[in-house]
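Welcome! Let's walk through this structure together, one question at a time.

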Amino acid sequence: MKILNEIILTDAEFILIQKLVFKLVGITLDETKKSLVINRLNKRLAFYGLSKFSDYIRIVQFNRDEAAEMVNQITTNETYFFREQLHFDFLQRHLEQMSQDRFVRVWSAAASLGAEAYSIAMIMESVLGRSRYEVVGTDVNSEVLKIAQAGCYPLPWVEKIPASYKQRYCLKGKNQHDKQFLIDPTLQQNVSFAQANLLDKQTRFGMFDIIFLRNVLIYFNDEVKSLVVANVVANLKEGGYLIISLTENLRNIANPMLKQVDSSIYQKVTL
Ligand SMILES: C[S@@+](CC[C@H](N)C(=O)[O-])C[C@H]1O[C@@H](n2cnc3c(N)ncnc32)[C@H](O)[C@@H]1O
């Protein structure tokens, strides 16, 4: 039992929250996440003026909007521009080798605040030009998607962006926005964001040449990982690439359609 601001999360309540979160988004919250749950859901209890988690759980069980709000609070959205440079080098090399007339579609499948999708777009626009590519970013968290759609970030985030891209695609804010920068709206035109749960098959987004599925599999057990990978691979063109994080692996995932071609990079093969 843990206490914070005098609100107690009992073991039975924690188990109910674990089950709800798992059912909604497939995330496994182990015992070590108890404080995180208390910290992050505290404000929802305050919002309703509740003093017991059991009352909040009842609201979540019967109110879809609050269930979505709980998911927004529980998901971890850490991200930054050009995270794991190796993958962006791979993307650049791959695009440079492509035939001149190909239109290329890339999916950032756990897009969070959009830094990954815009990093991809900067490379694609530089290599292919404006008319030959599209980036789609999806996430289950509706709040992070608002920031992704706005394309406006705190100024220190620009540090991770290579100088040439910074110059071309980032606009420094003025007056009340002087501590922020904006992704150039012309680049934003080729990037779209939508809410999607990786537990579901995604038929509305079409097929992709490359899928980035990075730093999200770590939250899933093997069974959910397997389902999520199968779901996204259904949207991957034959010969296309699936990229996971360097800190993740597909060791316990038997997916005969994926052949590992580099560390954390897989190609979809014909069976
Ligand atoms: C740590 S961020 C990774 C962001 C980015 N891919 C990167 O590598 O920097 C993980 C994201 O996965 C999202 N996520 C977690 N479970 C999800 C699910 N079932 N469906 C879709 N997105 C999910 C979270 O909302 C969060 O924004």
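Q: Which helix lies across strand 9, strand 10, strand 11 and strand 12?
A: Keep in mind that this is a predicted model. The strands concerned are strand 9 (208–212), strand 10 (236–243), strand 11 and strand 12 (265–268). The helix lying across them runs at about 135° to strand 10, and it is helix 10 (residues 222–233).

Q: Which are the edge strands of the open sheet of seven strands?
A: The sheet has mixed pairing and the order 8-4-3-9-10-12-11. An edge strand here pairs on one side only.

Q: In what sense do strand 4 and strand 8 pair?
A: Strands of a sheet can pair either parallel or antiparallel, through backbone hydrogen bonds. Val136 stands opposite Ser192 in strand 8. Strand 4 (residues 133–139) and strand 8 are joined over five bridges, and the sense is parallel.

Q: How many residues of domain 2 are in contact with domain 1?
A: The protein is divided into domain 1 (2–74) and domain 2 (85–268). Domain 1 brings seven residues to this contact, and helix 4 (residues 64–74) gives the largest share of that side, three residues. On the side of domain 2, the number is eleven.

Conventions
Residues are numbered from 1 along each chain as its sequence is written. This is a predicted model: local features need pLDDT of at least 70, side-chain atom pairs count only at pLDDT 80 or more; totals for chains, interfaces and linings use all residues. Domain bounds come from an automatic or database domain assignment. Two residues are in contact if their C-beta atoms, placed from the backbone, lie within 7 Å. Helices (H or I, at least four residues) and strands (E, at least two) are DSSP runs, numbered from the N terminus. Two strands pair if DSSP finds at least two bridges between them. Axes are lines fitted to C-alpha atoms, for helices over the stretch in contact, and angles run from 0 to 180 degrees between N-to-C directions.
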